[in-house]
Amino acid sequence: MSNGFQVLDTRAHQFRSSRLKAVVEEALDFFVGTPLMALPPASVFVGGGVYTLYYVGGFTHYKKLSARNHLECRQPIYVGKAVPVGWRTARVQSATAPVLYRRLKEHANSIRQTENLKLEDFKCRFMILDQLEGDLVVPVEAELIRRQRPLWNTVVDGFGNHDPGSGRYNQALSEWDVLHPGRAWTKRLTGQSPKLEQVLAKVARQLT
């Protein structure tokens with residue numbers, strides 16, 4: 001006893017479950033078998049979940065990445081998730097809106113606005129997770145990022161950024177926007193941006 005309180009033994013508070021790992025593995029096995037789609041998919045669908053984007057184009061600094069996806073899309077450039085409003089506060093179990101489709105469409109719009117990327121050079125894969133399986137969104141996304149080390153998640157930051165809105169334009173351009181200029185709202189940003197040469201060096205190191 002110390003000061004009237006029991007000495008803390010963290011082992012008494014740590015939860016471990018091999019079954020959780022097995023369920024995540026099962027979800028990942030399902031995910032890699034889902035069909036590749038254009039970005040965005042041609043049809044609207046309801047639900048949230050996890051997705052990956054793949055690059056297969058000719059942007060000079062991504063040639064090695066594109067080559068890895070030449071025969072089969074195996075190396076994503078980005079991994080993300082989309083959850084319904086209220087999910088984080090446990091107020092919903094199942095999405096009734098096309099939140100995952102909307103996220104993919106937002107990404108397509110970002111890519112379409114750039115000066116050096118072509119939307120037709122991207123493919124996507126996604127898995128809809130709702131009801132109880134919706135609780136797998138975070139661990140599945142995290143495991144995909146750990147395993148795949150997608151360039152736009154781990155090296156080039158900012159792809160998923162949105163317009164910060166009035167009064168917040170003193171921010172700097174993200175590394176992604178320095179490398180892929182063109183998004184209309186970024187022209188309002190006034191902060192000191194990263195140097196293109198530094199971003200390119202990081203990309204080169206990642207794709208060796």
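The legends below describe close-up views of a predicted model. Residues are numbered from 1 along each chain as its sequence is written, and side-chain values use heavy atoms, with hydrogens and water left out. Because the model is predicted, local features need pLDDT of at least 70 and side-chain atom pairs count only at pLDDT 80 or more, whereas totals for chains, interfaces and linings use all residues.

**View 1. The open sheet is formed by four strands in the order 1-4-2-3, with antiparallel pairing.** Strand 1 (37-38) and strand 3 (78-82) stand at the edges with a single partner strand each, so one side of each is left without a neighbour in the sheet. Strands (E, at least two residues) and helices (H or I, at least four) are DSSP runs numbered from the N terminus, and two strands pair if DSSP finds at least two bridges between them.

**View 2. Strand 2 (residues 49-55) runs antiparallel to strand 4 (residues 122-128), and seven bridges join them.** Within this pair, Y54 stands opposite K123 in strand 4. Helix 3 (residues 99-113) packs on the sheet, where it touches strand 2, strand 3 and strand 4, contact meaning heavy atoms within 4.5 Å. The direction of helix 3 makes about 25° with that of strand 2; axes are lines fitted to C-alpha atoms, for helices over the stretch in contact, and angles run from 0 to 180 degrees between N-to-C directions.

**View 3. Helix 4 (residues 137-148) also packs on the sheet, touching strand 2, strand 3 and strand 4.** Its direction makes about 175° with that of strand 3. In helix 4, V137, V140, E141, E143 and L144 are buried, that is, under 20% relative accessible area, with exposed meaning over 50% and partly exposed in between (1.4 Å probe, protein chains only). Seen down the axis of helix 4, these buried residues fall within an arc of 165°, so they line one face of the helix; the arc is that of the directions from the helix axis to the C-beta atoms. They pack against helix 1 (18-32), strand 2, strand 3 and strand 4. Just after helix 4, R149 takes a positive phi of about 50°.

**View 4. Helix 1 buries V24, A27, L28 and F31.** Viewed along the axis of helix 1, its buried residues fall within an arc of 100°, so they line one face of the helix. Their cover includes strand 2, strand 4 and helix 4, while the face turned away from the buried side carries the exposed residues S18, R19, E26, D29 and F30.
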